[in-house]
Amino acid sequence: MSADRDRFLAAFPVAPVTLARLDGFVALLGRWNARINLVARGTMAELWWRHVGDSAQLLPLAPPSARHWADLGSGAGFPGLIVAILAAQCRPQLCVALVESDRRKAVFLAMALREAGVAATVHNARAETLAPLGADVVSA
């Protein structure tokens, strides 16, 4: 286990099923990153803390009454996909929409969701072209 992952888990304890989903996502991102440059290669060694942890800290800030989260420009899934994975454990009523205009990145997001077994909607479009998403929380 990496020190970076250990640091994340110390700050964000998650259920074993959620950890398995996050591990799968990190592995998939590692495989895809070489092909479509999802995150800077120099940040891969600290991916858990810098990207996953940075995203995870947002979910507790959302109002408990929030039902719809829209992540604009989702790219590699930060923060929206991480929020969707975590919400499956602790806020299953939260619906997450990932908006990404780059088709390759949208395909990655859909695959990551499918492999994690987490429900969210991927919109392969520019945010300004979408009908209103009715989001209670917006991240970008």
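Are Phe-8 and Trp-48 buried or exposed? In this predicted model, Phe-8 is buried, and Trp-48 is buried as well.

The structure holds six aromatic pairs. One of them joins Phe-8 to Trp-48, with the ring centres 5.3 Å apart and the planes at 50 degrees to each other, an arrangement classed as tilted. The partners come from distant parts of the chain: Phe-8 belongs to helix 1 (residues 3–11) and Trp-48 to helix 3 (residues 47–56), a separation of 40 residues.

Two packed helices are described by the angle between their axes and the distance between the axes. For helix 1 and helix 3, the angle is about 25 degrees and the axes are 8 Å apart. Angles under 35 degrees count as roughly parallel, and helix 1 and helix 3 are therefore roughly parallel to each other. Their crossing is right-handed. On the helix 1 side, the residues that meet helix 3 are Asp-4, Arg-5, Arg-7, Phe-8 and Ala-11. Helix 3 contributes Leu-47, Trp-48, Trp-49, Val-52, Gly-53 and Ala-56 to this meeting.

Seven of its 10 residues are buried, so helix 3 is largely enclosed by the rest of the structure. The buried residues are Leu-47, Trp-48, His-51, Val-52, Gly-53, Ser-55 and Ala-56. Their cover includes helix 1, helix 2 and helix 4. Ser-55, one of the buried residues of helix 3, has a relative accessible area of 4%. Beyond its neighbours within four places in sequence, Ser-55 is in contact with Phe-78, Pro-79, Ile-82 and Val-83. Two of these contacts, Phe-78 and Pro-79, are joined by a cis peptide bond with an omega of about 5 degrees. Pro-79 is located in the loop between strand 1 (68–72) and helix 4.

What is the arrangement of helix 2 and helix 4? The axes of helix 2 (residues 16–36) and helix 4 (residues 80–90) come within 9 Å and cross at roughly 160 degrees. That makes the two helices roughly antiparallel. Here, too, the crossing is right-handed. The residues of helix 2 involved are Thr-18, Arg-21, Leu-22 and Phe-25, which meet Leu-81, Ile-82, Ile-85, Leu-86, Ala-88 and Gln-89 in helix 4.

In the loop between helix 2 and helix 3 lies Asn-37, which has a positive phi of about 50 degrees although it is not a glycine. With a relative accessibility of 45%, Asn-37 counts as partly exposed, whereas Ser-55 is buried.

Notes: Residues numbered from 1 in each chain as written. Predicted model: local features only at pLDDT ≥ 70, side-chain atom pairs only at ≥ 80, totals over all residues. Heavy atoms only, no water. Phe/Tyr/Trp six-rings, centres within 6.5 Å; stacked < 30°, edge-to-face > 60°. Helix = DSSP H or I, 4+ residues; strand = E, 2+ residues; numbered from the N terminus. Buried < 20%, exposed > 50% of the residue type's maximum accessible area, 1.4 Å probe, protein only. Axes fitted to C-alpha atoms, helices over the stretch in contact; angles between N-to-C directions. Parallel < 35°, antiparallel > 145°, perpendicular 65-115°, else oblique. Left-handed = near helix turned anticlockwise from the far one by under 90°. Contact = heavy atoms within 4.5 Å.
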